[in-house]
Amino acid sequence: QQQQLQRDFDNVSEKLAELSDWEHYIATPRKKELLNEIQSLITSPLDNPNEQASKVKQYRQTWNSLGHADDEVDQQLNDQFNQACEEAFAPCRLFYAEQDKLRSLHLATREKIIVEAQQLLSTLSEMETSQSVDFKELDGQLNKLQHQWQNAGEVDRLHYKKLQAQFKEILQPVKTAISNFHLA
């Protein structure tokens, strides 16, 4: 039984070595081809940075699925591919940095609109105290603020939800006062 186990082990070891040779045989030319493809992506990047990033990600997944190339060139190919991925992703990184700057500007714009909404609410309170509410003017200012809010640009989802809730909460008393006036 021990001899049978040893023969089985030897057979399996031989098959594993053969599969490893096949892996090298298949992976080496395919990795070189993939390296050429990503090099061409570097020399002629796509117009859309999101597509470029997606393509780099796809190449990375394919690279990782290929396994090991020949031992002599495997590390060299891996290093070249990693460097090429960084170069291919560089325009995307710049684009995403610009998008972050824009989101920061849009965030500041939305915060400014919230301050204006708070001022509108204060104005409504003062008008109600003096009992001289100009609902036409109030409605115009409300519509203007809502229009500015819609055109303020994109911000991070986390910030947007918080700001949106705050904006709605501030404007709700103004909307209610205008609605009550219309009903009366």
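Trainee: What does Glu 37 count as, at 26% relative accessibility?

Mentor: Glu 37 counts as partly exposed, because its relative accessibility is 26% (buried means under 20% relative accessible area, exposed over 50%, partly exposed in between, with a 1.4 Å probe and protein chains only). The model is predicted: local features need pLDDT of at least 70 and side-chain atom pairs pLDDT 80 or more, while totals for chains, interfaces and linings use all residues. Residues are numbered from 1 along each chain as its sequence is written, and side-chain values use heavy atoms, without hydrogens and water.

The partner of Glu 37 is Arg 30, and their side chains meet in a salt bridge at 3.6 Å, N to O (a side-chain nitrogen of Lys or Arg within 4 Å of a carboxyl oxygen of Asp or Glu). Arg 30 is likewise partly exposed, with a relative accessible area of 26%. Side chains of opposite charge can pair when their charged atoms come close.

The structure holds six salt bridges. One of them joins Glu 86 to Arg 93, with the closest N and O atoms 3.5 Å apart. Glu 86 is partly exposed at 43%, and Arg 93 is partly exposed at 41%. Another links Glu 98 with Lys 101, where the closest N and O atoms are 3.8 Å apart. Lys 101 counts as exposed, at 52% relative accessibility, whereas Glu 98 is partly exposed, at 43%. Glu 98 and Lys 101 lie three residues apart in helix 3 (residues 71-130), so about one helical turn separates them (helices are DSSP runs of H or I with at least four residues, numbered from the N terminus).

Back at Glu 37, salt bridges that share partners join Arg 30, Glu 33 and Glu 37 into one network. Glu 33 sits in helix 1 and is partly exposed, with a relative accessible area of 42%.

Helix 1 (residues 2-43) also holds Leu 16, which is exposed at 53% relative accessibility. Leu 16 forms a nonpolar surface patch with Val 12 and Leu 19, with about 300 Å² of accessible area together. For such a patch, residues need over 30% relative accessible area and no salt bridge, and nonpolar side chains (Val, Leu, Ile, Met, Phe, Trp, Tyr) are joined within 5 Å, like charges within 9 Å; areas come from the Shrake-Rupley method with a 1.4 Å probe, and for residues only the protein chains shown count as cover.

For contrast, consider helix 4. Gln 150 is exposed, as are Lys 136 and Lys 144, on the face of helix 4 turned away from its buried side. The buried residues of helix 4 are Phe 135, Leu 138, Leu 142, Leu 145 and Trp 149. Seen down the helix axis, these fall within an arc of 85°, so they line one face of helix 4 (the arc is that of the directions from the axis to the C-beta atoms). Phe 135, in helix 4 (residues 135-150), is buried at 17%. Leaving aside neighbours within four places in sequence, Phe 135 is in contact with Ala 177, Ile 178 and Phe 181 (heavy atoms within 4.5 Å).

Conventions:
Helix = DSSP H or I, 4+ residues; strand = E, 2+ residues; numbered from the N terminus.
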